[in-house]
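Colleague: I'm new to reading protein models. Could you walk me through one, feature by feature?

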Amino acid sequence: MIRKDILMNKQVLCTIVLLSQSLLFAQEASKTKVSVDLGETVIEGYDFSLKKTDVSDSVLLNISAYETPLFISEYGVEEIEMQGNVTLKDALWNFAGVTSGTGNGVHDFFVIRGVDSLTGALVMYDRVPEPEATFYSLYNVEKMQVVKGAASFLFGANSTSGAVNLIRKTPHDTDFTQMSFGFGSYNTYEQSLDYNVANLSDRLSFRLNVLALNSDGYRDDMVTERYG
């Protein structure tokens with residue numbers, strides 16, 4: 001029981017308010033036990049430290065994930081390569097509240113919270129809007145962010161249900177070369193190259209991403225040829 005004379009202390013009141021606010025974000029809590037000494041009273045609890053993921057790439061604001069009213073999910077190049085995702089629809093299956101497929105077999109199509117991509121969603125490369133009726137290859141994508149919920153105040157009327165921001169790969173400060181080859185059913189073959197040359201003349205780096213994909217497809221007369 002906290003005595004009334006302790007409650008009158010401004011420092012004690014501020015401490016209790018801060019602890020109460022931190023409880024609202026328990027889903028992000030780390031289970032580090034802490035103790036707060038209030039003189040004759042000791043309150044024990046947990047350190048509810050929040051994740052501070054930078055989402056400025058997608059929301060155009062220099063704020064952390066828990067400071068924005070939007071639901072933002074991220075997906076990195078490690079997951080893209082591990083799962084062998086080829087186009088946007090493949091990777092979107094990893095996001096809750098998003099259903100993806102193809103539109104008539106000729107373009108990426110997805111639904112965010114019941115609203116389809118053609119009428120109420122936006123796809124961007126590095127925050128630059130792209131046409132929605134096309135396939136979005138992931139061979140040169142470093143990270144993708146999905147903004148779920150109305151984002152028209154940021155991107156305009158096309159983002160009623162949400163937005164997808166594809167962040168492309170940029171040059172690194174080390175030299176490397178990565179090549180991959182793949183094949184599958186319906187005579188599908190894929191080759192890709194990721195080539196980086198660092199510190200040319202001590203102030204310039206260069207990176208090249210290449211993709212070539214051919215597939216007969218599961219439907220007659222629907223051959224796929226994709227180069228990038």
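Colleague: Which elements each supply at least two residues of the lining of the largest pocket?

Modeller: Keep in mind that this is a predicted model. Here the elements are α5, β11 (176-184), β12 (188-200), β13 (204-215) and β14 (224-227). Of these, β11 gives the most to that lining, with 3 residues.

Colleague: Which lining residues are the closest to the centre of the largest pocket?

Modeller: Look for K89, F135, S215, T224 and R226, out of 24 residues that line the pocket. The space in there comes to about 620 Å³. Sorted by class, the lining has 9 nonpolar, 10 polar and 5 charged residues.

Colleague: Okay, now the inside. What should I know about nonpolar side chains in soluble globular proteins?

Modeller: They tend to be buried together. In this model, the largest nonpolar core has 19 residues, and L88, L92, F110, M144, V164 and L166 have the most contacts inside it. Two or more core residues come from each of α5 (88-92), β5 (108-112), β7 (121-125), β9 (141-148) and β10 (162-168). A second, separate core has 8 residues, among them L122, M124, F155 and A163.

Colleague: What does L88 touch, leaving out residues up to four places away in sequence?

Modeller: Its partners include F110, V123, M144, V164 and L166, and also D108.

Colleague: And the whole protein: how many helices and strands are there?

Modeller: You can count 7 helices and 14 strands. Of its 228 residues, 34% count as buried. The protein exposes about 14100 Å², with carbon and sulfur atoms supplying 54% of that.

Terms used:
Residues numbered from 1 in each chain as written. Predicted model: local features only at pLDDT ≥ 70, side-chain atom pairs only at ≥ 80, totals over all residues. Heavy atoms only, no water. Core = buried A, V, L, I, M, F, W, Y, C linked by side-chain atoms within 4.5 Å. Buried < 20%, exposed > 50% of the residue type's maximum accessible area, 1.4 Å probe, protein only. Helix = DSSP H or I, 4+ residues; strand = E, 2+ residues; numbered from the N terminus. Contact = heavy atoms within 4.5 Å. 1 Å grid on protein atoms, 1.4 Å probe; cavity = no way out; pocket = protein on both sides within 12 Å on 5 of 7 lines; lining within 4 Å. Points joined across faces, edges and corners; volume = space filled by probe spheres on them. Nonpolar A, V, L, I, M, F, W, Y, C, P; charged D, E, K, R; others polar. Areas by Shrake-Rupley, 256 points an atom, 1.4 Å probe, with all protein chains shown as cover.
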